[in-house]
Every structure is written in structure tokens, then in C-alpha cells.
Amino acid sequence: MKKIQSALLSVYYKDGLEPIVQLLHQNGVKLYSTGGTQTFIENMGIPVTAVEDLTGYPSIFGGRVKTLHPAVFGGILYRRQDAGDVAQAAQFNIPAIDLVVVDLYPFEETVASGASEEDIIEKIDIGGISLIRAGAKNFQDSLIVSSRTQYADVLSILTEKNCGTELSDRRRYAQEAFATTSHYDTAINQWFLGKSTQDIYSFTELPQNSLRYGENPHQAATFYGDLEAMFDKLHGKELSYNNLVDVDACVALIDEFGTEPTFAIIKHTNACGVATAATAKEAYATALACDPVSAFGGVIITNATVDVATAEELNKLFMEILIAPAYEPEALALLQSKKNRILLQRKNVELPAKMFKTILNGVLEQDKDLVVETASQFKTVTVKAPTESEVRALEFALKVCKHTKSNTIVLATENRLIASGTGQTSRVDALRQAIDKALAFGFELKGSVMASDAFFPFADCVEIARLAGITAVVQPGGSIRDQDSINYCDANDMAMVTTGVRHFKH
């Protein structure tokens, strides 16, 4: 246990700092500070020594240099148990600094605001990041608080331990400090490369949530991210690894649809029911009818407010998770009647445009698939053009197809999924699986449409589709044998459009 006797405070954000300052003062800790933080402390009526009085130098170059001085860094870095360091500290009148509370200029926020290059460069912190590294390096003697997100925790530690810290506290805060500097430097590097700071593959700065286990009970797992920024959890148990994967798939799919009430039911990241209707209740009922067997134990998402009438229907089904932008109070109360059901209320949060996946001894990075084709991108390649209703159905089918595991075939009408073949080793198998599922649940396929995530290498899929009653097809095109499929459609009064865009999802 080490008692804090002196502290340096120099922060950009002052919110949450006041109780820490008061506690330090009450325990007789000598305070050093700079600029706005010094003024903040003085306005509290608490004595504080200006860093420039310690160093003998004023803040210079427009504030670019304030703390970069041996009197400051020596006070943080000298080893209290090293006789030579102690002697040199005495020789040069360098006081010990046992606590450093510092944050960094808001570089990412400045970039996001659209500021000029000059303003962005001025938000590249020099002194702050150096102080953080110094405090973290000498964690044997100094506690480094590197983010305002730590204020509540450090206040609890200092209150409980009478302004003392244990080595385990200082080591933990040192690790978090280096995570902070790593993320900050990566953000600056990304900016220089012309990339969005939101797309950084650096989860060390993010909150860590240990999960009960991963995909299976023998696999350990952690989620790095701020779920509270994305959702308010209104009810139920903690989210598992598989829950999170399905929730991600739900969010990606529902975001393809506009404001018309839509429900999607996901099982193992694939949609087993999707429908759009005039009301939330009708949309849910239609989505459920697609495959009520697979819907059992699924994850459900909607873009509509869940009202009482819809909640009454939802409450009849065993589901893992329900996600909605809002719930009527009575509907929420009804849905909370099941103990373990997880209810999430989604917030409006911008999501990253990059995807990452660990593979072999490295990491794959790619842009998210943010393209989905609409009628304006359709190229009719057959004599017969799709009707207006078929065009709407093809658009609907493509939205679902894009978010279904390859190889996939999706059968749909203009406002509902009928069936899909998912993750098959051949496109023919995917189509046959979709047709079999549709027929098993009593769907009439005559007049429905078909979407494929990739081109048809042979005409066999359109042949099978026609026999099932499908009248219009959308596919990327690009096969050397495209004309075979086109010719078959022309000979059998079918419409086909191509998009030029493939939607593999592995």
C-alpha cells in the first residue's frame, strides 16, 4: 500500500473531477496543475501549485509545451526505492508525484466534427500522452488515471483505502493507460492514412465484458465494446456469445428496410422469417408464418414500436431476444412476464464501415457490404420484363439474400420471405431446400420470385424454379454461360434481371 502525498492533475474534460479533488485535499495531498484545470481547482477554493512554478517555465508555443520538463517527469519517474534516484531527486529539488490524472485532447472527436487539418493537428496531444506513459511505466510508485471513464472507480479506491493504492491497482491502471495511448496513436495513424478512426482494429480501448462462454461451453469469450451505447436492456439475462452474433445479424438485416413496419426472425444468423406490412402485428404474424418451427428460440427484431396487440402475439412464442426501437408501456410489461427473455431497446448509433476477422496467424479486414440493388440497378436480360409487383418482390428478396449464408437462394413476394436455402455447397441444393421448406409450410410458389447471391453457372436452377411456379429471377450475372439461363427463361415466359453485384456471405 502506498499513500498518495502529491498529485498532478491536467485534464481536458473536468466533469466528474471535483469529488476526486475534494478527497485529495481532505487527505492533505499536495496538488499540481496546469491551465484550465488549475483554474477549476482554484475555483473550488482548494490550494494548488501551478506547474510553471514547479518548472520555472511558463506555458509556451500556444500551450504546446507546458509539462515537458525534468521537474515534472522526474517527479513521476524516479524510483522511490533506488538510492541513486532518490539522491538525484533531492539534488535537483524534484518532488515526488504519486498520482497523475490526465486525459488526452479529443483527437477523434475533432476529426469527426469535420475540422480543418490545422485544428486536427493541434489536437494531437504531446504532453498528455507523455505523462500517461510516464505514470504507467513507473506503476511501482505512481497511479496513472488516463480517462474520465475511470473517475468513479478511482474515487471508490481512494475513498476505501484512505488515499492509498495497492500495487495491483497501479498495475491495472497502467495496463489501461497503455491501452489508451495505443488506441490514440492508432487513431492518429489512421487519420494520416486517410481512414476513418471509427474503423480502427483496436479493441483495447473498449469496455471488456467477459461472457459465460463462447460458441460452446468449453470456449472462453470476451466482448469488447459498449453495448449500453447500442441498446437499453429492459429485461432478461446477460447476452451470450451466440446471442451477440445473432443480434448483429438482426441489426444488419433490419437496417435494409425503411420505416414501414417490418419484422425479421433470425436463427443462427440466417433469416427464417421476414415481412413488411401495414401494422407491426401483421408484419410479425406474416414473418412467423414463414417458418414457425425455426422461429422457436430465435432472435427477433423490428423497426416498429411494439404495441400491445403485437406483444400479445409475440408473447405466445419462446424467443431468446426481442429488439425494437420502442415499446408501449403495457406491451413491455406483458413481454417482461417471461423471466429469461431478453428485451433490448435499440438506440441510434453509427456503426463501423469495416469488418475484421481473425484467420490463420493474422487478421482479415474488409469494407462492410453496404450495397443493395434496387430497380434502378436492375438490367432486364430477358424478352419479358418483370412486372411492377415482381420488381418490388425482387428488391425484397435481394435484401434478405444479401444477409444469408452462401450458397443461398431466397424465394419471396413483394412483402415477405417465403423460404430460403442457406449455406449449401451448391446453388441447386440451396434452391431445392428453399422449395421444400416453402411447400412444407403450405406456400403456393406460383408467382413468387427468386434471388441468388451469385451467378448461375448452368441453367438448372431456372429450370427447377419454373417447375415450382417462380416467374421472375434476380442474379448478379457474369457467368460464361449466362445465356443458357436467359434462353431458358425466354423459352418459358420468365423474367430475369441482373445486377452486376455479388453478395457472398461466408
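Guide: Contact here means heavy atoms within 4.5 Å of each other, and helices (H or I, at least four residues) and strands (E, at least two) are DSSP runs, numbered from the N terminus. The model is predicted, so that local features need pLDDT of at least 70 and side-chain atom pairs count only at pLDDT 80 or more, while totals for chains, interfaces and linings use all residues. Residues are numbered from 1 along each chain as its sequence is written, and side-chain values use heavy atoms, with hydrogens and water left out.

The part to look at is helix α4, residues 70–77, where six of the eight residues are buried, buried meaning under 20% relative accessible area, with exposed over 50% and partly exposed in between (1.4 Å probe, protein chains only). Those buried residues are A71, V72, F73, G74, G75 and I76, and they pack against β2 (6–10), α3 (51–55), β5 (99–102) and α8 (127–137).

Two of these neighbours, β2 and β5, belong to an open sheet of five strands in the order β4-β3-β2-β5-β6, with parallel pairing, where two strands pair if DSSP finds at least two bridges between them. The edge strands, each pairing on one side only, are β4 (49–50) and β6 (143–145). Strand β5 pairs with β6 in the parallel sense over three bridges, and V101 has V145 as its bridge partner in β6.
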